[in-house]
Amino acid sequence: MNRWRRSVGEIQARRRPLLECQRAQAAFVKGTACLQLQAACLGSNSDCSRLREELDETRALAHSLSTGLQKRLTTMLTQGELLQEERAEAERLWVLFLSGLEIFQQDLQKVILLQELFPLKQPRDRRSLVNTGGSGDGTGVTGRVTMSQMPWPKTQDQGGPCPDLSTQISQLESMAQEMLRKVNVPFWSVEATQEAWADSVDTEQDDDEPVEEMSVENVAAGPQRLSGCCHYPGCRVLCLLN
C-alpha cells in the first residue's frame with residue numbers, strides 16, 4: 001500500500017509542472033482577451049482614468065503569467081524527463097504560448113498608440129474622445145481574471161514588477177527569441193487536440209429550433225459548376241451565384 005501511494009505521489013509530482021503550465025496558459029489567454037477589450041475602449045466615449053488603471057493591472061497580471069510560463073515551459077522542454085504524451089502536450093502549450101505572446105505584443109503596441117493620441121491628463125482632454133454610440137465600458141473586466149488563482153505561489157513568481165509599455169514590448173520580443181533559440185519545436189509538428197469548428201458544430205447541435213440549410217444551385221451555362229463556397233459543415237449558405 002505504501003509503495004502504491006509512493007508511486008502515485010511520484011506521478012503527481014512529475015505531472016504537476018505540466019498542469020501548472022496548462023492553468024497558466026488558460027489564465028494568460030483570459031488576461032490577454034481582457035486587455036484586448038480594454039484596448040478597444042481607449043479613445044472612445046467610454047474611456048476614463050479608471051479604465052486605464054485597470055488596463056495596467058491586466059498588463060501586470062499578463063506580465064507575471066508570461067514570465068513564469070516562459071521559464072517553466074523552457075525548463076520542462078530542455079531539462080525535464082517527460083513521457084511521449086507529456087512532451088506532446090508541453091510542445092502544444094509552447095506553440096500556443098508563442099502565438100499568444102505575438103498577439104499580446106501587438107495589443108500593447110495598439111495601447112501605446114491610442115494613449116498617445118488620446119491623453120487624459122486634463123479634464124478638457126475628454127473633448128477629443130470619439131463618440132462611438134456604444135453603451136457600457138471596459139472597466140470591471142480585470143476582476144474576472146484576477147478572481148482565478150495563480151497556478152503557482154507568489155513566492156515562486158520571478159517576474160518582478162511590471163515595466164512600462166515600451167520596455168514590456170521589448171521584453172516580449174526578447175522572450176520569444178529566447179524560447180525559439182533554446183527550444184527547437186517546429187510549429188508544423190504539433191498536432192491539435194480539438195477538431196476545427198468543434199465548438200461551433202456542438203453549439204448548433206444544441207439548438208432546439210432546427211434551421212433549414214439554404215442551397216442555391218449555379219445555373220450558369222458551362223460544363224463546370226462550383227459545389228460550394230467552403231467545406232465547413234455548419235455553413236448555411238453553400239453558394240450564391242448569379
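User: What share of the 242 residues in the protein is buried?

Analyst: In this predicted model, buried residues make up 36% of the 242 residues in the protein.

User: Why is Cys 41 called buried?

Analyst: Cys 41 has a relative accessible area of 11%, and buried means under 20%, so Cys 41 counts as buried.

User: What makes Cys 162 partly exposed?

Analyst: The relative accessible area of Cys 162 is 27%, and because the class called partly exposed lies between under 20% for buried and over 50% for exposed, Cys 162 belongs to that class.

User: How many disulfides does a search of the whole structure find, and how do you know that Cys 41 is in no disulfide?

Analyst: The search of the whole structure finds zero disulfides. For Cys 41, the nearest cysteine sulfur is that of Cys 48, 9.0 Å away, whereas a disulfide needs two cysteine sulfur atoms within 2.5 Å, and therefore Cys 41 is in no disulfide.

User: Which elements does the protein have?

Analyst: The protein has six helices and zero strands.

User: Why are helices H3 and H5 called roughly antiparallel?

Analyst: The axes of H3, residues 84-117, and H5, residues 165-182, come within 10 Å and cross at roughly 160°; angles over 145 degrees count as roughly antiparallel, so H3 and H5 are roughly antiparallel to each other.

User: What classes of residue make the contact of H3 with H5?

Analyst: By class, this contact has 15 nonpolar, five polar and one charged residues. Among them are Trp 94 and Phe 97 of H3, and Leu 172 and Glu 173 of H5.

Key. Residues are numbered from 1 along each chain as its sequence is written. This is a predicted model: local features need pLDDT of at least 70, side-chain atom pairs count only at pLDDT 80 or more; totals for chains, interfaces and linings use all residues. Side-chain values use heavy atoms; hydrogens and water are left out. Buried means under 20% relative accessible area, exposed over 50%, partly exposed in between (1.4 Å probe, protein chains only). Axes are lines fitted to C-alpha atoms, for helices over the stretch in contact, and angles run from 0 to 180 degrees between N-to-C directions. Helices (H or I, at least four residues) and strands (E, at least two) are DSSP runs, numbered from the N terminus. Angles under 35 degrees count as roughly parallel, over 145 as roughly antiparallel, 65 to 115 as roughly perpendicular and the rest as oblique. Contact means heavy atoms within 4.5 Å. Ala, Val, Leu, Ile, Met, Phe, Trp, Tyr, Cys and Pro count as nonpolar, Asp, Glu, Lys and Arg as charged, and the others, Gly among them, as polar.
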